[in-house]
Amino acid sequence: MTYFTKYLLVLVLLIFPLHILAQTIPLGSSLIANDETTPWLSQSGDFAFGFKKIQSQNQFLLCIYYAKIKDATIVWYANGGNLVPRGSIAELNPQKGLILRDPKGKMIIWSTGRIGSNVAYAVMNDTGNFVLVGVDSSVLWESFRYPTDTLMPTQILEINNKLVARKSESFFVPGRFYLRMLSDGNLVLVTQSKPTNFDYDAEYYNNEANSGYRLVFDEFGSVYILKRNNQRLVLTPPKVPSISENYHRLSLDFDGVLTHYYHPKSTGDQKWSTLWSLPDNICLAILDDVGSGVCGFNNVCNLGENQRPYCECPKGYSLIDPNNKYGSCKPKFVPSCDEFGQGNPEE
Ligand SMILES: *[C@@H]1O[C@H](CO)[C@@H](O)[C@H](O)[C@H]1NC(C)=O
């Protein structure tokens, strides 16, 4: 070997692993649920994996979120959306993958589950995908395969997989709506009646694609249903805001509206804008014959800006829970037993 090749070899050996390590999360790494721990960032810094304090509570959500924009929107969450107490620990384990422990470190609250082979390292990818890579370089586990309420560009919703809406803006446990690619090939939006679940499952949107088998969010920001004959049923309008200049996401919001949002990557006071949404009119799409509608019982649904529903109690009624605008309304008066025409507050 010449001096030069030796030199080159050393240089390559030195630089190559360093380059990999710069964006990978080595085994044994951990995150602690508090205000100080820095999250695991993707190489560009666009996405973070870490604990996020939810509102002013002393509780944290282990999640993936946009790290550069003011509205650090959450795109994926662990542990079924349940919050964990301050001091909880997430750590990367070679056999168990990512595990979430209680503050004492004893109890496992959540984990990525059986992953077949040994983990070599983890990566917070620039697409927003958190990936566990095996010793043979294969992908053992990825957050993209277990979506919560949001799909990202380059992510695919496979048949029978779901997006489930959260309960409210800052309450991440499963709510009343889900999006599903059915095995019959149709993409549907469904209301589920909790806690009895299956009793009242009712579709409020069905795209009737028939032979669809995947919902694809491609790398150009276009969302389409891929059919078995390779045809595409495109849901996105033809002009998609540039994917290099904007973040894109498809979220099933807690109010049941499936929305494609985009947001400029440049920092500043920008907000999420709506590119398209489904269904066209959720107030009409969800009728009151099964359980309550988008709004609770006796609460009237109106369509606002961007196809968003807002709820208003009729005259003479008020919210049962004043903090939940989407909840049920009750009559302000207390009907007495001997009142004639009881239960008809319009008279
Ligand atoms: C990681 O991101 C790159 C683009 O930044 C993409 O090409 C690659 O497929 C992603 N890998 C995984 C496992 O998500």
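A residue is termed buried when its relative accessible area is under 20%, exposed when over 50%, and partly exposed in between (1.4 Å probe, protein chains only). The model is predicted, with local features requiring pLDDT of at least 70 and side-chain atom pairs pLDDT 80 or more, whereas totals for chains, interfaces and linings use all residues. Residues are numbered from 1 along each chain as its sequence is written, and side-chain values use heavy atoms, without hydrogens and water.

Phe-254 has a relative accessibility of 18% and therefore counts as buried. This residue is located in the loop joining strand E23 (246-252) to strand E24 (258-264); strands are DSSP runs of at least two residues, numbered from the N terminus. Beyond neighbours within four places in sequence, the contacts of Phe-254 (heavy atoms within 4.5 Å) include Arg-166, Phe-177 and Tyr-326. A C-alpha separation of 9.6 Å is found between Phe-254 and Ser-170, which lie 84 residues apart along the chain.

E23 and E24 belong to an open, antiparallel sheet of 4 strands, ordered E14-E23-E24-E25. Because strands E14 (150-151) and E25 (273-278) at the edges each have a single partner strand, one side of each lacks a neighbour in the sheet. Pairing, which requires at least two DSSP bridges between two strands, extends over 7 bridges between E23 and E24 in the antiparallel sense, and Asn-246 stands opposite Pro-264 in E24.

A polar side-chain atom of Asn-125 is placed 2.5 Å from a ligand oxygen atom.

How values were computed: A polar contact is a pair of N or O atoms within 3.5 Å; within protein, one must be able to donate a hydrogen and the other to accept it, and residues adjacent in sequence count only if both atoms are side-chain atoms.
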